[in-house]
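The following paragraphs lead the reader through one protein model, from its overall layout to individual residues. Please keep the sequence and the structure in view while reading.

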Amino acid sequence: AAVIAPWNFPFHNIYCPLIPALFAGNAVVIKVSEWTSWSAPEYLEIIHRVLRKHGLSTDLVQVVTGYGETGADLVRSGVDKVFFTGSPGNGRKVMANASDNLTPVVLELGGKDPLIVCDDADLDQASDAAMLGVFTACGQMCVGAERIYVFDSVYDAFVERMQRRVAALRQGPPLAGPIVDCGATTMPRQLEIILDLVDDARAK
């Protein structure tokens, strides 16, 4: 099995597809994001330690690093299944490459996850959920709340609560000292994407 993992949760995105693939009797090759290659050896050693403890070969799980071409080569390498987590655009490329050998593909792609606040909602609880959904990992995850729909009758009260909570957020480098709520974006390209989304929202 091939696993192509994204950058945003390197531990989770390696182990979630890896463990069931192993339990189903597969060897696994994981292509990690070029942005998280530094962490891959530590995560690989954890699983190798478990394999050695149970008398199994560490060859069962391997990691490769590189850019998109490496992932494409892995998909075309003759693996029996591909598990990809990432953007819809890259998911299309994975599916196209996998089609050459009719390799089955599981795609976990970015979503447009809605949060709906009904007129009978507990607005404090709803605003807690919205803060968690929007600002966890600075929103850099596929399950972040990307649309919030609010019934007209509670709209003003909900917005007032959200404005107060957002204004209280503390931003800064998490390792630099005081406690912060939001760190930095992960890479320059992500900042460009976020700015495009903000400009689009303001325009509409």
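**Overall layout**

Followed along the sequence, the protein shows the pattern β-α-β-α-β-α-β-α-β-β-α-β-α-α. It contains seven helices and seven strands; helices (H or I, at least four residues) and strands (E, at least two) are DSSP runs, numbered from the N terminus. The model is predicted, so that local features need pLDDT of at least 70 and side-chain atom pairs count only at pLDDT 80 or more, while totals for chains, interfaces and linings use all residues. Residues are numbered from 1 along each chain as its sequence is written, and side-chain values use heavy atoms, with hydrogens and water left out.

The C-alpha trace of the protein spans about 60 × 40 × 35 Å along its principal axes. The accessible surface comes to about 12800 Å², and 59% of this belongs to carbon and sulfur atoms; such areas come from the Shrake-Rupley method with a 1.4 Å probe, and for residues only the protein chains shown count as cover. Of the 204 residues, 32% count as buried. Here buried means under 20% relative accessible area, exposed means over 50%, and partly exposed lies in between (1.4 Å probe, protein chains only). Among contacts between residues at least 6 apart in sequence, 64% join residues at least 24 apart, where contact means heavy atoms within 4.5 Å.

**Helix 1 and helix 2**

The axes of helix 1 (residues 10-23) and helix 2 (residues 40-53) come within 11 Å and cross at roughly 30 degrees. That angle makes helix 1 roughly parallel to helix 2. Axes are lines fitted to C-alpha atoms, for helices over the stretch in contact, and angles run from 0 to 180 degrees between N-to-C directions. Angles under 35 degrees count as roughly parallel, over 145 as roughly antiparallel, 65 to 115 as roughly perpendicular, and the rest as oblique.

The crossing of helix 1 and helix 2 is right-handed; a crossing is right-handed if the near helix is turned clockwise from the far one by less than a right angle, and left-handed if anticlockwise. Helix 1 contributes Pro-10, Phe-11, Ile-14, Tyr-15, Leu-18 and Leu-22 to the contact, and helix 2 contributes Tyr-43, Ile-46 and Ile-47. These residues divide into nine nonpolar, no polar and no charged. In this scheme Ala, Val, Leu, Ile, Met, Phe, Trp, Tyr, Cys and Pro count as nonpolar, Asp, Glu, Lys and Arg as charged, and the others, Gly among them, as polar.

Leu-22, in helix 1, counts as buried at 18% relative accessibility. Apart from neighbours within four places in sequence, Leu-22 is in contact with Val-28, Ile-47, Leu-60 and Val-61. Leu-22 and Ala-1 are 21 residues apart in sequence, and their C-alpha atoms are 8.9 Å apart in space.

In helix 2, Leu-51 is buried, with a relative accessible area of 5%. Leaving aside neighbours within four places in sequence, the contacts of Leu-51 are Leu-56, Ser-57, Thr-58, Leu-60 and Val-61. Thr-36 lies in the loop between strand 2 (28-31) and helix 2. Thr-36 is buried as well, with a relative accessible area of 8%, and it touches Pro-6, Trp-7 and Pro-10, not counting residues up to four places away in sequence.

**Helix 5 and helix 6**

A further helix pair is formed by helix 5 (residues 123-135) and helix 6 (residues 152-167), whose axes come within 10 Å and cross at roughly 50 degrees. The two helices are therefore oblique to each other. Helix 5 passes helix 6 in a right-handed crossing. Among the residues that make the contact are Leu-123, Asp-124 and Met-131 of helix 5 and Phe-158, Arg-161 and Arg-165 of helix 6. The residues of this contact divide into 10 nonpolar, one polar and four charged.

**Two loop residues with positive phi**

Most residues other than glycine have a negative phi. Leu-102, in the loop between helix 4 (88-99) and strand 5 (105-109), has a positive phi near 55 degrees. Leu-102 is exposed, with a relative accessible area of 74%. Ala-137, which is not a glycine, has a positive phi of about 55 degrees. Ala-137 is found in the loop between helix 5 and strand 7 (145-150) and counts as partly exposed at 35% relative accessibility.
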